[in-house]
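Please keep the sequence and the structure in view while reading.

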Amino acid sequence: MNNSLSNITHLLLASSIGLYLLIIGKNLLVPLIIAVVIWYLIVSITDVLERHKLPHALALGVSILLCIIVMTGIVLLVNSNISALIQELPKYQEKFTNIIIRISEHYSIDLADEINKFFKEINITKFFSDSALVITNIAGKIGLISIYVLFLLLEYRNFDRKLEKMFVHKKNYKHALSIIHQIAHDINLYLKIKTFTSLTTGIISYIILVAVGVDFAEFWALLIFLFNYIPTIGSIIAVIFPVVISVVQFQSLFWFVLILSLLVSVQIIVGNIIEPRLMGKSLNLSPLVILISLAFWASVWGIIGAFLCIPITDILHLVFAKFEKTRPLA
């Protein structure tokens with residue numbers, strides 16, 4: 001009993017220290033995490049190109065260039081659209097108020113106070129400004145992120161050899177290597193499937209939005225693609241914005257129902273039917289654990305934590321499963 005109490009005390013103490021370090025080290029750790037993600041993408045693309053008979057140096061160069069082009073394009077697209085959207089928001093807000101007035105008059109109910117309260121509590125302009133600020137902050141740390149990526153690229157091919165020297169016993173080295181390979185396999189599989197399903201959702205949503213004529217269609221499609229990486233609530237948040245914009249833009253119940261139905265149908269088909277079949281039981285994480293993980297990492301590291309909650313949780317799950325004392329947690 002005393003031993004169990006001691007283990008619980010040590011676990012709580014270690015968790016508290018770990019949480020404290022995650023919070024105070026946010027400014028250093030978040031760029032490192034972003035660098036690891038970029039490095040992983042570069043290495044994955046390099047491996048694919050090498051399998052198509054490209055020399056390593058050329059494959060690595062092409063991968064780096066491709067990542068730079070894609071990320072630069074995303075940053076430019078997001079910043080330009082957010083700037084244009086912020087300028088148009090007063091017009092959208094005015095149209096939305098007119099819709100509410102017409103509804104109030106038609107049903108003889110006063111919604112003006114509630115709507116004014118809503119706009120005070122939910123400052124949409126601030127939300128988009130803060131979103132642009134997050135991207136600007138990340139771009140401002142591009143030098144530090146680039147240094148991290150550079151050192152990771154220089155070291156990763158010698159990682160197995162250096163890891164082996166860390167262990168006296170061969171058995172311990174093989175055990176650690178098996179954990180790392182399992183983590184790499186799971187994250188690689190997750191990223192491939194999630195990228196495919198998110199891209200599919202984004203492209204189909206873009207076609208729908210362009211066909212209907214919704215303003216800023218490419219921006220909403222990109223938002224849907226990116227937010228689909230955030231489990232559960234990401235797809236909901238991504239769909240809300242273009243649907244609300246369509247209501248204000250067209251001021252028609254028909255277009256609202258049509259766009260909402262089409263976008264939600266895409267999310268359900270891809271997210272609830274196609275993705276689970278592709279993913280299978282590879283991650284073996286319960287929905288409750290995913291929600292708790294999302295809430296925790298989002299509160300610690302903000303939007304970056306929300307995007308990375310599943311890979312981080314899967315890593316913890318695999319590591320805990322390999323040791324007897326932490327297996328119950330896994």
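How many disulfides does a search of the whole structure find? The search finds zero disulfides, a disulfide being a pair of cysteine sulfur atoms within 2.5 Å. The model is predicted, so local features need pLDDT of at least 70 and side-chain atom pairs count only at pLDDT 80 or more, while totals for chains, interfaces and linings use all residues. Residues are numbered from 1 along each chain as its sequence is written, and side-chain values use heavy atoms, with hydrogens and water left out.

Cys 67 is buried at 8% relative accessible area, and Cys 309 is buried at 1%. Buried means under 20% relative accessible area, exposed over 50%, and partly exposed in between (1.4 Å probe, protein chains only).

Helix α9 covers residues 217-227, and nine of its eleven residues are buried, so the helix is largely enclosed by the rest of the structure. Among the buried ones are Phe 219, Trp 220 and Phe 227. Helices are DSSP runs (H or I, at least four residues), numbered from the N terminus.

The structure holds nine aromatic pairs. Rings of Phe, Tyr and Trp (its six-membered ring) pair if their centres lie within 6.5 Å; planes under 30 degrees apart count as stacked, over 60 as edge-to-face and the rest as tilted. Two of the pairs are listed here.

| Pair | Type | Centre to centre | Between the planes |
|---|---|---|---|
| Trp 220 and Phe 241 | stacked | 6.1 Å | 10° |
| Phe 296 and Trp 297 | edge-to-face | 5.0 Å | 80° |

Trp 220 lies in helix α9 and Phe 241 in helix α10 (residues 233-250), so their pair ties together parts 21 residues apart in sequence. Both Trp 220 and Phe 241 are buried. Phe 296 is partly exposed at 32% relative accessibility, whereas Trp 297 is buried at 8%.

Methods:
Helix = DSSP H or I, 4+ residues; strand = E, 2+ residues; numbered from the N terminus.
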